[in-house]
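The structure comes first, then the details.

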Amino acid sequence: MTPDQMILFTLFGAVFGLLLWGRFRYDIVAFSALMIAVVVGVVPTKDAFSGFGHPATLVVALVLIVSAGLVRSGAVFLITRTLVDATRGLGAHIALMGAIGGVLSAFMNNVAALALLMPVDIQTARKAGRAAGLSLMPLSFATILGGMVTLIGTPPNIIIAAIREESLGAPFAMFDFAPVGGVAALAGLVFVSLIGWRLIPQREGAATDSTDISQYIAELTVPDGNKQIGKRVAELSAPAEKADVAILGLIRDGKRRYGQARNTVLQAGDALVLEATPEALDEFRSALDLAVADAKREEALNAAGDGVEIIEVVVPEDSRIQGKTAQAIGLAWRQRSVLLGISRRGKRLTRRLRQTQIETGDILLLLVPRDTGNDVADWLGCLPLADRGLAVTVNRKVWLAIGIFAAAVLAASFSLLYLPVALGLVVVAYVLSGIVPLTELYDHINWPVVVLLGSMIPLGAALETSGGTELIAGALVNWTGGLPAWAVLTVLMIVTMTLSDVLNNTATTIVAAPVGIQMATSLGVSPDPFLMAVAVAASSAFLTPIGHKNNTLILGPGGYGFGDYWRMGLPLEIIVVAVSIPMILLVWPL
């Protein structure tokens, strides 16, 4: 073993040990290791930051922005609101949510897919009166499985494609992962929906609602030309119940109607009085294409052209608005803002929102021009609550967002455009069309992941250049000496899967992929099946909450313990290996 190899193995061992310890964030650990490698000379100075311009790093960042655009446009909402039903049995619900999550995560970042669907799953659990932990883990696993199907579904696939291009001259295409990843995902989904969820331990007091979200009394207006005009209020009960919104009454010509409102035929300009969380309110508004205010206030809101955002503020005793109404202080014309809802410790309100006298302790839901939230809160003298990422779905652009993204996927699939370029064009189109506001363009990028990738790629390249991966491959080949190539492939997959359960899957892929190529070279067989085995195995992190971000996201909301994951995760990993090896040998022969 050469000195460079010893240094790199020591660095990788330290990185893995620190990641397991969890005391320091993974991006700091990886970047520190890169800096040390540059200082000691095992990574050339000219290559120190090459990982940050690597196609894999760029694609990961671009996918996160595209995912945000699909969410903000309502493209994902369009699917979920028509398919999710709280009255379904748990197995059927898990199968449906898992299928939706799997399909979404195949074409968008799987962390973003879970982040989108997790609130839907929690709301469904609350409506069904069961613990959210019974369905959150299957949903997390389903979104991880779905990412195996396409090139952009998960970072390991992107990294594998980039490594193949550097080593063999051509990357994997968009759907090259589908035959193996699709079968593994399908087998996994069948398992989690039929058997897996039954293995999750049930605890007393497991959270059915991980969020402490206020219910607001709010108003939504029926705009001119809306499809709900001519319907009775009672006909809106089904979409309201689906969105978890309570219809309290109707306001027409400034007068509030109560009992007889259910039979009232809706007219343009009517305002529905609702009780809901901010997320449920936006879902209901998007589903029925309602407006947040009358036409005049809508026009004032959008005058700046930068879009709007939702903020929540608490009214202290000395606030400007305390004891007054939103109309009296001129909230709309002074600050171009709309009072969207009021939460008053569960009390019902009897007057129009903008004519309701605000009391100390009220929580206000405000719709404000983008990037003016702090200024509006200061002007009101209110205290802003922690940002929960509330946003207004721009549902009028849903088909535009879908069309742009679909065109890019097709162009990349047929090699008309290089994938990073295709995704870059989607981002540009989303910004120019207002689907993703320019002011929050970079907010959607997970910068720690970018730093991790940018740091680990040069380290992985140095390990390969120094002969380290060849050394590992030789050790594995010697250890499996005399075994057929398919058995060696199985060992590589199991080792990679085990590493991915305790380490970040991107770091595991960067190390395991070159090892797979070296093993194939030593055996005199094609490296493609070994790369495909690494891709599937690196994504199969089901034993712990630290192996994949999705598993970490559900830890608190699901009320899980660290040792709960392996109960469903271990048989799932066995199934993935059992179905993947035959498919790899069939589709990518040795």
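## Strand pairing

Strands β1 (residues 216-221) and β6 (residues 338-343) pair in the antiparallel sense over 2 bridges. Pairing here requires at least two bridges found by DSSP. Strands (E, at least two residues) and helices (H or I, at least four) are DSSP runs, numbered from the N terminus. Opposite I217 stands I342 of β6.

The model is predicted: local features need pLDDT of at least 70, side-chain atom pairs count only at pLDDT 80 or more, and totals for chains, interfaces and linings use all residues. Residues are numbered from 1 along each chain as its sequence is written, and side-chain values use heavy atoms, with hydrogens and water left out.

## The sheet and its helices

The open sheet has 8 strands, ordered β3-β2-β4-β1-β6-β7-β5-β8, with antiparallel pairing.

Helix α11 (residues 278-288) lies across β1, β2 (246-252), β4 (271-276), β5 (308-314), β6 and β7 (363-369). It runs at about 145° to β4. Helix α14 (residues 373-380) also packs on the sheet and touches β5, β7 and β8. Its direction makes about 130° with that of β7. Contact means heavy atoms within 4.5 Å. Axes are lines fitted to C-alpha atoms, for helices over the stretch in contact; angles run from 0 to 180 degrees between N-to-C directions.

## Cavities

How many cavities of 30 Å³ or more does a search of the whole structure find? It finds 2. A cavity is a set of points on a 1 Å grid, over the protein atoms alone, where a 1.4 Å probe fits but cannot get out; lining residues have an atom within 4 Å of a point. Grid points are joined across faces, edges and corners, and volume is the space filled by probe spheres set on the points.

The largest cavity holds about 60 Å³. Of its 10 lining residues, D282, R285, V292, I310 and L340 are the closest to its centre. Helix α11 gives the largest share of this lining, 4 residues. By class, the lining has 8 nonpolar, no polar and 2 charged residues. Nonpolar means Ala, Val, Leu, Ile, Met, Phe, Trp, Tyr, Cys and Pro; charged means Asp, Glu, Lys and Arg; the others, Gly among them, are polar.

The second largest cavity holds about 40 Å³. Its lining is V60, V63, N109, I152, G153, T154, P155 and I158.

## α3 against α16

The axes of α3 and helix α16 (residues 419-432) come within 9 Å and cross at roughly 35°. Their contact has 13 nonpolar, 2 polar and no charged residues.

Note on methods
1 Å grid on protein atoms, 1.4 Å probe; cavity = no way out; pocket = protein on both sides within 12 Å on 5 of 7 lines; lining within 4 Å.
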